[in-house]
2 protein chains.
Amino acid sequence: MTGRTRRDEQVSATREALLDAAERLFAEYGVHAVANRQISLAAGQGNNAAVSYHFGTKMDLVRAVARRHAERIEVGRLRMMAEIGDSADLRDWMACAVRPVTEHLEALGTPSWYARFIAQVTSDPALRADMTEAFAAASPSMEKLQDGLNRCLPDLPPEVHAERAAMTRHLITQMTAERERALADNKQTARASWREAANGLIDAVVALWRAPVTRGD
Amino acid sequence: MTGRTRRDEQVSATREALLDAAERLFAEYGVHAVANRQISLAAGQGNNAAVSYHFGTKMDLVRAVARRHAERIEVGRLRMMAEIGDSADLRDWMACAVRPVTEHLEALGTPSWYARFIAQVTSDPALRADMTEAFAAASPSMEKLQDGLNRCLPDLPPEVHAERAAMTRHLITQMTAERERALADNKQTARASWREAANGLIDAVVALWRAPVTRGD
């Protein structure tokens with residue numbers, strides 16, 4: 001092994017350790033509450049400047065943590081979408097919204113931190129806009145999902161469509177974070193597996209998209 | 001006015017200023033990210049120890065902020081429940097879950113901070129358990145709501161009931177926080193009024209409670 005390669009491997013291991021520490025600390029305490037210095041320490045880096053050296057700003061680090069999961073989720077979602085083609089069954093599309101996330105969490109094992117990381121990041125007013133953009137860029141599948149929804153629900157008014165998309169996002173984020181935390185704390189969960197938890201989420205979001213729209217005052 | 005009374009009024013005004021500042025700062029930055037010193041400063045108190053003098057711990061302050069809203073919401077909810085009596089219409093009960101909150105937010109005017117404060121507090125792992133207990137104690141109406149739900153949906157398995165109760169809570173918390181933030185930032189909202197936003201929420205939660213339950217793997 002050349003010196004060059006060993007050095008590359010060291011850098012890569014340090015980056016992974018920093019990403020792991022950042023993900024866990026952000027998930028537990030929120031992005032604002034955690035200093036780069038604490039992340040370096042938790043990653044076993046004596047150098048307080050390790051985060052800025054390897055990633056740049058804290059925001060760059062948040063993006064890097066999100067990216068390692070988003071890419072894998074996107075692959076799963078595109079595969080599911082290829083299977084359903086141009087289905088006009090709302091349940092197929094909602095499965096594509098939910099299962100790639102729960103399958104990724106299942107693959108991570110317990111304890112995982114990703115669901116709680118996402119809940120923290122999306123509840124942070126300063127990060128939300130930036131992250132929404134980053135997610136959209138990493139997820140061309142979301143555009144396809146949008147098309148599928150429009151095909152299933154052609155008469156839904158645009159503002160109600162936007163509202164229900166937000167509700168779907170919140171339910172997936174909050175319910176997966178809650179289940180991830182319960183698993184990590186060895187507490188009781190409503191469902192025995194991620195697969196069944198996904199069933200419960202899909203039942204709920206399909207129903208809310210199909211709900212009649214009450215109008216006026 | 002006696003000296004005693006003037007002193008009481010001063011104390012009362014200081015406490016209100018501290019509660020206002022805490023509510024706003026917690027809502028914007030999260031409970032962990034805000035130091036008692038910053039709250040004192042934002043409330044115009046030169047004394048860094050003002051929070052501990054008037055409220056005790058930061059947790060006591062969080063409870064005090066929550067309490068000033070919870071009591072008013074509870075009054076509204078009990079009044080609505082008296083009107084519907086022992087209704088077996090799920091929509092009546094979901095209206096009792098949603099409208100007391102949106103009506104309180106409407107009464108607060110714009111900008112308000114309460115919805116975002118609740119979103120922050122309930123997403124904080126350390127605060128969640130404590131707050132859930134405090135809310136339950138302040139809200140005997142929640143037990144009545146539970147009874148109403150059981151009457152409307154007698155065959156729902158208990159674990160699905162628990163799951164949908166969590167979904168309902170998340171939707172109310174997240175959607176009101178999102179709308180409150182948009183109003184404060186003068187951004188576009190999906191609905192023109194809190195009353196219409198409540199319609200959208202009630203449509204969704206009624207549908208999700210009624211959703212068929214998918215079983216097995």
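**Legends to close-up views of a predicted two-chain model**

**View 1. Arg91(A) is partly exposed, with a relative accessible area of 27%.** The model shown here and in the views below is predicted. The partner of Arg91(A) is Asp203(A), and the two side chains form a salt bridge with an N to O distance of 3.0 Å. Asp203(A) belongs to helix α10 of chain A and Arg91(A) to helix α5 (residues 90–108) of chain A, so the pair ties together parts that lie 112 residues apart in sequence. Asp203(A) counts as buried, because its relative accessibility is 3%, under the limit of 20%. Arg91(A), at 27%, falls between 20% and 50% and is therefore classed as partly exposed. In general terms, side chains of opposite charge can pair when their charged atoms come close. Over all chains, a search of the whole structure finds 19 salt bridges.

**View 2. The helices of chain A are set out in an overview of the fold.** The secondary structure of chain A amounts to ten helices and zero strands. Along the sequence, the pattern reads α-α-α-α-α-α-α-α-α-α. Taken along the principal axes, the C-alpha atoms of chain A fill a box of roughly 60 × 35 × 35 Å. Chain A has 217 residues, and buried residues make up 50% of them. Of the contacts in chain A between residues at least 6 apart in sequence, 72% join residues at least 24 apart.

**View 3. Glu23(A) takes part in a network of salt bridges in chain A.** The network links Glu16(A), Asp20(A), Glu23(A) and Arg68(A). Glu23(A) is placed in helix α1 of chain A. Its relative accessible area is 7%, so Glu23(A) is classed as buried. A polar contact of 3.3 Å joins the side chain of Glu23(A) to that of Arg68(A). When neighbours within four places in sequence are left aside, Glu23(A) is in contact with Val65(A), Arg68(A), His69(A), Trp113(A), Tyr114(A) and Phe117(A). As a general point on helix geometry, an α-helix has 3.6 residues a turn, so residues three or four places apart point the same way.

**View 4. Arg68(B) and Glu16(B) form a salt bridge within chain B.** The N to O distance of this pair is 3.1 Å. With a relative accessible area of 19%, Arg68(B) is buried. This value falls under the limit of 20%, which is why Arg68(B) is placed in the buried class. Glu16(B) is partly exposed, its relative accessible area being 39%.

View 5. The size of an interface is often given as the accessible area lost when the parts come together. The contact takes 41 residues from chain A and 40 residues from chain B. Eight residue pairs are counted in polar contact between chain A and chain B, with both residues at pLDDT 80 or more. On the side of chain A that touches chain B, the elements giving two or more residues are α1 (3–29), α7 (125–138), α9 (158–184) and α10 (194–210) of chain A. Of these, α9(A) gives the most, with 13 residues. By class, this side of chain A has 16 nonpolar, ten polar and 15 charged residues.

**View 6. Two salt bridges are found across the interface of chain A and chain B.** In one, Glu163(A) is paired with Arg191(B), and the closest N and O atoms are 2.8 Å apart. In another, the side chains of Arg191(A) and Glu163(B) meet at 2.8 Å, N to O. Arg191(A) lies in the loop between α9 and α10 of chain A, whereas Glu163(B) lies in helix α9 (residues 158–184) of chain B, so the pair joins two chains. Both Arg191(A) and Glu163(B) are buried.

**View 7. Helix α10 of chain B spans residues 194–210.** This helix has 17 residues and reaches 24 Å from its first C-alpha to its last, close to the 24 Å expected at 1.5 Å a residue. Of the 17 residues of α10(B), 15 are buried, so the helix is largely enclosed by the rest of the structure.

Key: Residues numbered from 1 in each chain as written. Chains lettered and ligands numbered in written order. Predicted model: local features only at pLDDT ≥ 70, side-chain atom pairs only at ≥ 80, totals over all residues. Heavy atoms only, no water. Contact = heavy atoms within 4.5 Å. Salt bridge = Lys/Arg side-chain N within 4 Å of Asp/Glu carboxyl O. Polar contact = N/O pair within 3.5 Å; in protein donor to acceptor, adjacent residues only side chain to side chain. Helix = DSSP H or I, 4+ residues; strand = E, 2+ residues; numbered from the N terminus. Nonpolar A, V, L, I, M, F, W, Y, C, P; charged D, E, K, R; others polar. Expected span 1.5 Å × (residues − 1). Buried < 20%, exposed > 50% of the residue type's maximum accessible area, 1.4 Å probe, protein only.
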